[in-house]
Amino acid sequence: MLSIKKRLITMTVTAATVLIAISWSLIFAESKHEIDEIFDARLGQSAKLLALSAPQLLMMPPEQLELFYEQWYQGISNHAGLDDDDPTPYGHPYEQKLMFQLFSASEGVLLRSPAAPPTPLSVPDKIGYHPISFDSQLWRSFQIRLPSSAPDQEAAFLIVAEKQAIRDELIDDIAFSTGIPQLLLIPCLALAIILLVNYIMQPVGELQQALSRRTINKLHAIQVSQPTIELKPLIDQLNYLLSELDKAWVREKRFTHTAAHELKTPLAVLRLNAENALASDNPTDLQNDLTHILKGIERTDRLIQQLLMLARVEGGNAFPFNETDLMACLRDVIGSLVPLALKQDQNLSLDGPDTLMMDANGVLLTSLFSNLIDNAIRYAGKNADINISVTLQSDDWVAIRVCDSGQPIPDMIRERIFEKFFRANTERGDGAGLGMSIISDIALLHGGDIVLEGNQTASGNCFLVTLPVHRALNQ
């Protein structure tokens with residue numbers, strides 16, 4: 001497994017080291033170039049000064065010049081050792097690393113410094129800067145031609161040379177003086193990067209620890225003491241997922257407990273009726289027990305379907321919304337419930353336009369009106385009138401009213417009618433108290449609402465379902 005922190009530290013330190021090395025290389029190259037320019041300029045200037053004084057020096061006897069040089073170098077040696085870098089009144093010990101020659105093609109060396117050989121160091125045609133090898137060492141030299149006083153005078157040449165080791169030593173000193181601090185900077189920079197990365201990554205570590213403490217029974221929101229701009233969207237999304245997971249876990253536990261509780265009674269009744277049927281010798285009692293078994297099966301099947309629908313609606317599943325004909329949906333629902341209404345001599349009527357297209361989920365819409373009209377049929381009583389009316393309140397909203405002429409629902413029940421598992425008229429129905437809750441959830445899922453309108457007359461009930469014709473983009 002790769003560690004982002006370790007990779008960040010390693011790559012940052014590596015990049016910093018490479019950049020420091022590149023910087024040191026550039027400094028070294030630029031310093032070498034500048035040193036070469038300075039020393040070359042000094043060589044050129046020394047050669048020109050010697051060239052101007054060469055005619056006067058050539059007028060003196062060579063023995064006298066050698067005596068002067070010997071006295072000067074002896075004075076340098078007396079005041080400083082060969083390895084001493086301190087200047088003296090007679091010059092600098094470094095002068096032993098410098099030499100010059102004045103020579104011509106025919107006469108050879110005419111004048112030279114004590115360190116120079118008696119034979120020419122170069123040939124006449126090598127004018128300018130060029131390297132030479134002498135005494136197993138490399139020298140940097142500069143050669144010029146002396147101006148002639150007469151046209152027929154033989155050309156003389158002056159060469160000034162300097163040990164390359166002088167420049168190399170200076171370049172090494174510069175490289176060492178600039179390289180050591182930069183080398184020491186690398187571990188300091190690495191330590192600083194490690195401390196900074198650890199400090200900056202603290203919110204990530206805190207988030208990791210917070211996530212590690214979350215369990216299926218501990219799904220509360222994550223809190224980070226120092227949230228960053230980069231982590232905040234992640235934390236918000238994690239908190240949203242934890243919240244949805246907690247809700248799903250609560251729904252699952254509630255569904256399991258509810259299913260076990262609600263199915264316990266009908267199954268017990270079915271078992272009792274089955275035992276009575278097996279023990280009965282009377283055909284009438286047997287028929288009665290079998291009839292009760294069929295009713296119990298129907299009630300259990302209806303309860304299971306309602307529980308499954310409730311789980312789907314509460315689960316927040318992504319239901320597809322398509323263009324649906326509301327009137328066709330209502331006609332199909334009413335057609336499927338007509339047999340139940342005819343058993344109680346009830347009248348079912350539908351008022352509204354021929355078609356009304358809206359954005360909805362057809363399956364959920366069918367379930368909504370099936371539960372609502374089925375409740376009206378079950379609780380309105382015999383010979384009741386049940387009317388379903390559809391009206392457009394505006395271009396964006398449609399109102400569906402399901403009204404019956406049955407006994408009005410008491411005020412104390414009206415406040416709780418949409419609660420889950422609330423059963424008001426247990427003596428007039430065998431429901432589980434889920435139908436009205438499912439209706440309310442489906443209406444909300446469509447962006448609408450359902451209310452039980454106030455009593456306008458001494459009898460009857462009227463449920464108003466308000467739904468948007470066009471589904472909002474954020475739903």
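Helices (H or I, at least four residues) and strands (E, at least two) are DSSP runs, numbered from the N terminus. The model on screen is predicted: local features need pLDDT of at least 70, side-chain atom pairs count only at pLDDT 80 or more, and totals for chains, interfaces and linings use all residues. Residues are numbered from 1 along each chain as its sequence is written, and side-chain values use heavy atoms, with hydrogens and water left out.

Select helix 1, residues 4–58, and find Ile 22 in it. With a relative accessible area of 44%, Ile 22 is partly exposed (buried is under 20%, exposed over 50%, partly exposed in between; 1.4 Å probe, protein chains only).

Next, go to helix 3, residues 164–200, which holds Asp 173. Asp 173 is partly exposed, at 45% relative accessibility. Select Asp 168, Glu 169 and Asp 172 as well; with Asp 173 they gather in a surface patch of negative charge.

Now select strand 7 (residues 347–351) and strand 9 (residues 385–392), which pair in the parallel sense over five bridges (strands pair if DSSP finds at least two bridges between them). Asn 347 stands opposite Asp 385 of strand 9.

Which residue of strand 10 stands opposite Leu 392? Val 398 does. Four residues make up the hairpin that joins strand 9 to strand 10.

Terms used
Patch = residues over 30% accessible without salt bridge, like charges linked within 9 Å, V, L, I, M, F, W, Y side chains within 5 Å. Areas by Shrake-Rupley, 256 points an atom, 1.4 Å probe, with all protein chains shown as cover. Salt bridge = Lys/Arg side-chain N within 4 Å of Asp/Glu carboxyl O. Lys, Arg positive; Asp, Glu negative; His and termini not counted. Charge placed at Lys NZ, Arg CZ, Asp CG, Glu CD.
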